[in-house]
Amino acid sequence: MTGNDAAHDIRRLIPRFDHLKWKMAAAGIVIGLVSGLLVVVYRLGIEYGTDASRWIYARIRETPWLIAPWAVAAVAAALAIAWMVGKEPMAGGSGIPQTNGVVICGLKMRWQTILPVRFVGGLLGALFGLSLGREGPSIQIGASGAQCVSHRLRGHRREDMQEHYLVTAGAAAGLSAAFSAPLSGMMFALEGVHRSFSPAILMGATAASLTADFVSKYCFGLRPVLDFGDIGQLSLEEYVWLIPLGLVAGLVGSLMNRSLLGFQTLYGKLPAWSRPMIAIAIALPVGIWLPDVLGGGSNLIDTAEHARVGLGMLCLLFVAKMLFTSTSFGSGAPGGIFMPILAVGSLAGGICGEVLHRFGDLPSDAVAVFAVCVMTGTLAASVKTPITSILLAVEMSGTLTHMLPVAAVAFIALLVSDLLRTKPIYGELLERYVRAQGMQMAIASHVGSGIMELPLEMGAIADGKRVRDVRWPSGCLIIGLRRGESEIVPRGDTRLRAGDYLVVLFSGEEEREVRPAMRRLCDARLD
């Protein structure tokens, strides 16, 4: 092959990649429909299961001898959960770390077994009132639905970067349908799952998220899951409280992470079959005496915002929710922590607001704003996704008027979390999952070949250098460069600039080494 022939082939690849974003958008609509329907069914099951658990524990409180049949059912359910998770470990716990592992680390995901375990295991956990959310599992269910669609559309061309883009779109659809918050779903898929903002990923995630939101709204109506309604605004004089609220949110988010990981470590010393049994046994006294703590916790967010209970009860619910979530999640039962983290944060904000209202001059209508701000900051501090957290609060409040205080608390909380050296909860959970399965983070890939797009950040190693002066990793070829609206075929003397998007052709055998090496060259250096 001559040099002209090679250049011609490269020029053909670039426009074909440019069309990829529109292919992703079209596929995203299909994924949004499929994943949206799956998540809607799962969401209905979890809601009915949680309501049933509260009804069951109310009957046990009135008729104590019902504990006997409950115990038999609890043992059977716990053993079933342990058996299913043992057969399909990818379906245990939250689902978000596993989805991250599929997209970033090349973990294998089998949608055929993940979906039934998620549905059955999640429903069993909800029937016994475990403090687990549906949002994390919904993300993995959406990703599994996307993988199913990818296998149907692409046939034998599986496990390449385009499938990873589709899985990211499915994750966006999952969170969008779970919260009825499409912008949050889209942003979390980019910020928390794929961690890249290329046009192809953005188009697929946006189309899937919006389509799934339509499916969700068609089934559940136009109100979001956590409809804050018309909450008041803080006066400029009250903005001084945003700093201590950010400190509180950062501390609560860090404490939540340590509690979740600590109880997971304790459970790890016990036989696998006994872990769900212990979690369900703890649910019995909680369900009898503190039924508000059961389930994901959307009811607690409403309680914290409107100060429906006294200060002492808010403190009790805060402690109970954190501990019960840790014991439920640490058992490995299928269920997430997204909603429980929000619930714990809102309770902390409600406590701060009530204290200042009773012993200071804070008006009562500001308590709801405090709850929303600390809830957002707690999620940002725990998950390390501040933009998603802010968008979620904005979408659920239905107004942009609270964006400034919410954003301020979120970033202060993120700073506190970083100062405390708190690692992102889902990153830690992914590392633990990989170690538990006896794998390594750099897993060999079976991808034949593919194309990926990486942004060049300011201050990166490759920033300002000519193409030929950069020591590119073996197994990859820089076939294109996007600069604004322009596409450039790079030559050896082409100088790279911050903001460029590099289009990289890679060999599947080298992909696991190419990706981290390229990120080291393209990501901003912190030193």
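Predicted model: local features only at pLDDT ≥ 70, side-chain atom pairs only at ≥ 80, totals over all residues.
Figure 1. Arg 134 belongs to the loop between H5 and helix H6 (135-154), whereas Glu 47 is part of helix H2, so the pair ties together parts that are 87 residues apart in sequence. Glu 47 is partly exposed, at 27% relative accessibility. A network of salt bridges links Arg 43, Glu 47, Arg 134 and Glu 135.

**Figure 2. Lining of the largest cavity.** The largest cavity has a volume of about 90 Å³. Among its lining residues are Tyr 42, Ile 46, Leu 130, Arg 134 and Pro 334. Helix H2 (20-62) and helix H5 (111-127) are the elements that each contribute two or more residues to this lining. By class, the lining comprises six nonpolar, five polar and one charged residue.

**Figure 3. Salt bridge between Glu 88 and Arg 110.** The two side chains meet at 2.9 Å, N to O. Glu 88 lies in the loop between helix H3 (67-87) and helix H4 (96-105), and Arg 110 in the loop between H4 and H5, so the pair ties together parts 22 residues apart in sequence. Glu 88 is buried, at 4% relative accessible area, while Arg 110 is partly exposed, at 45%.

**Figure 4. Salt bridge between Asp 418 and Lys 384.** The closest N and O atoms of this pair are 2.9 Å apart. Asp 418, in helix H17 (residues 403-419), is joined to Lys 384, in the loop between helix H15 (366-383) and helix H16 (386-397). Lys 384 is buried, with a relative accessible area of 18%; Asp 418 is partly exposed, at 43%.

Definitions and conventions. Residues numbered from 1 in each chain as written. Heavy atoms only, no water. 1 Å grid on protein atoms, 1.4 Å probe; cavity = no way out; pocket = protein on both sides within 12 Å on 5 of 7 lines; lining within 4 Å. Points joined across faces, edges and corners; volume = space filled by probe spheres on them. Helix = DSSP H or I, 4+ residues; strand = E, 2+ residues; numbered from the N terminus. Nonpolar A, V, L, I, M, F, W, Y, C, P; charged D, E, K, R; others polar. Buried < 20%, exposed > 50% of the residue type's maximum accessible area, 1.4 Å probe, protein only. Salt bridge = Lys/Arg side-chain N within 4 Å of Asp/Glu carboxyl O.
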